[in-house]
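Let's take a walk through a protein together. Have the sequence and the 3D view open, and follow along as we go.

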Amino acid sequence: MISSMEQTIRVLSADESSSVITNRDKKSQIDMFSIQSSDLSNGGFSPDQLVRAFNNFKKSGTPSRFLLFSENAWVDFAHQVFDELKVGFLAGKTILEVLVDQKSYLFDFLRMIRIDSKTGRQNWIAWIDVRGCYFFPKNAVANRCNSLQKKLEFGRRINKNLLMSSPQFHRPLVTKKVESYDDNMEVSSDRWPGAKMLRDDEKFYKVVENLFLSGIKNFIPNTVITSINRCSHLSLAGNSRLLSFNLHKSMMMESRGNANVKFGWYGTSTSDIAGIITYGFKQPNNDKLGVFAHGIGIHLSPPHYSYGSAMLSEADEDGERHVILCRVIMGNSEKIEAGSTRDHPSNERFDSGVDDFENPKWFIVWNSHMNTNIIPEYIVGFKSSFHSQGWTKLVGVQKSVMNLPFWKLFVEIEKSLPSSKMQALEILYNRYKVGKISKEIFIRYMRSIAGDKLLISTIKSLKG
């Protein structure tokens, strides 16, 4: 039997075809990253070409990935090599010498080649920056430009005008418009440009509503959804992000055999939503989880655990909170323990992290991939007593027993909680005492760990 959760995920997954690329386009993307070229440009630049290449080099944002064209495919450099290249790139060095497996190579960011210092052998290099823009050698695609022009149809046919004026750079492929989900859909909602507010009788409103409520009703039964908006990715920046996501998905399929795309919830503030759906994430959210963070990166909760990200959301002046349902390229995941300070995969075999393989509560996307491997799909607004009356009630009970030492509360709670949860509570309390986390955050974690029923009954019992 297929569970209702699995059916919901299948409906959303099947809908990817309306918001991403067709099967024919998928093959085009794979071709894009499997271009074969044996003729590397060894000649020097003309003065004009040199100026254009250098200006394009300066326009790039901080690289999030460096790629090497080897054996007919684009592959990532090892983490240590990436770090050296990134440092040199940010220092403005256009040519850099780096040791790779005890061999010396020259990296030329203007001509976009790697040169073996001993043999003179050359390979194309490319990079993708933190904004999701990618920079590939134009000459690497020149030999197959005609065939690619016929295939690359991301909603609209892409033509040669989209190539940068520099002969050495390939501009991020951006179309003027992507086919919409519905011929009659509105381009934007009143609240967020690039998103459409769904009616509560629409198919995907019901699907997303059921998905969200199924992951939170056991914790906060009276949660009410106030709105659901669907991201359209029709703006220039949004379209570029969508194309970058799809290209990374194809690259992951090429290198891993399976991109392992999943849905995940992201809790945030109302004020941050517009920037996230258009331009991407500014910073990781692990600080909101404190000692429960599993590394330094973007934490998203799985579809069945919307409650986790709902806890990380922030109420606006009307008491409304928001979570974003995203598609996430996970690739190969590794387990990351709580409290870890890791900010990258442990080795080249892994791409992302999870807190638990059997029953994950968190997906972890590293900072270097947060704006290429995550794409927002739906924005869910909601209200519940968890964020108003529930907290007020619990805080009120606490205020009435301010003279009661917390250790007494912990002694009673310990009878009903496993040692691992008690240890987590003690760590959180210590952080609260030294001012590392606020009272609101401490209460939030305490409620999540112990549960409202146990906390309130224990406090009332101690109060006598």
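**A walk from the cysteines to the pockets**

Let's begin at one residue, Cys326, which counts as buried because its relative accessibility is 1%. Keep in mind as you look around that this is a predicted model.

Cys326 isn't in a disulfide, and the nearest cysteine sulfur, which belongs to Cys231, is 7.8 Å away. What is a disulfide, anyway? It's a covalent bond between the sulfur atoms of two cysteines. For two cysteines to count as such a pair here, their sulfur atoms must lie within 2.5 Å. Cys231 is in no disulfide either, with the sulfur of Cys326 as its nearest cysteine sulfur. Cys231 is buried too, at a relative accessible area of 1%. By this rule, the disulfide count comes to zero.

Now zoom out. The protein has 464 residues, and 52% of them count as buried. Its secondary structure comes to 16 helices and 18 strands. If you take the contacts between residues at least 6 apart in sequence, 71% of them join residues at least 24 apart.

Next stop: the inside. The largest nonpolar core is made of 26 residues, and Ile413, Leu417, Leu425 and Phe442 have the most contacts inside it. Which parts of the chain supply at least two residues each? They are strand 17 (363-366), helix 13 (406-413), helix 14 (419-433), helix 15 (439-450) and helix 16 (452-463). Helix 15 gives the largest share of this core, six residues. There's also a second, separate core of 23 residues, and Leu211, Phe212, Phe263 and Tyr378 are included in it.

Let's stay with Ile413 for a moment. Leaving out residues up to four places away in sequence, Ile413 touches Met422, Leu425, Ala450, Leu454, Leu455 and Thr458. Pick Ala450 from that list and you land in helix 15. Is Ala450 buried or exposed? Ala450 has a relative accessible area of 12%, and buried means under 20%, so Ala450 is buried. Apart from neighbours within four places in sequence, Ala450 is in contact with Ile413, Leu417 and Leu455.

Finally, let's look at the empty spaces. Rolling a probe the size of a water molecule over the atoms shows where such space is left. The largest pocket has a volume of about 930 Å³. It is lined by 36 residues, with Asp76, Phe77, Pro345, Ser368 and His369 nearest its centre. Strand 1 (63-70), strand 2 (73-76), helix 5 (79-90) and helix 9 (236-256) each supply at least two residues of this lining. Sorted by class, the lining of the largest pocket holds 16 nonpolar, eleven polar and nine charged residues.

The second largest pocket has about 670 Å³ of space. Of its 22 lining residues, Phe292, Trp362, Lys421, Ser448 and Ile449 lie nearest the centre. Helix 11 (306-311), helix 14 and helix 15 each bring at least two residues to the lining of the second largest pocket. Which helix gives the largest share of that lining? That's helix 14, with five residues. By class, the lining of the second largest pocket divides into 14 nonpolar, five polar and three charged residues.

Definitions and conventions. Residues are numbered from 1 along each chain as its sequence is written. This is a predicted model: local features need pLDDT of at least 70, side-chain atom pairs count only at pLDDT 80 or more; totals for chains, interfaces and linings use all residues. Side-chain values use heavy atoms; hydrogens and water are left out. A nonpolar core is a set of buried Ala, Val, Leu, Ile, Met, Phe, Trp, Tyr and Cys residues joined through side-chain atoms within 4.5 Å. Buried means under 20% relative accessible area, exposed over 50%, partly exposed in between (1.4 Å probe, protein chains only). Helices (H or I, at least four residues) and strands (E, at least two) are DSSP runs, numbered from the N terminus. Contact means heavy atoms within 4.5 Å. On a 1 Å grid over the protein atoms alone, a cavity is a set of points where a 1.4 Å probe fits but cannot get out, and a pocket is an open set with protein on both sides within 12 Å along at least five of seven lines; lining residues have an atom within 4 Å of a point. Grid points are joined across faces, edges and corners, and a volume is the space filled by probe spheres set on the points. Ala, Val, Leu, Ile, Met, Phe, Trp, Tyr, Cys and Pro count as nonpolar, Asp, Glu, Lys and Arg as charged, and the others, Gly among them, as polar.
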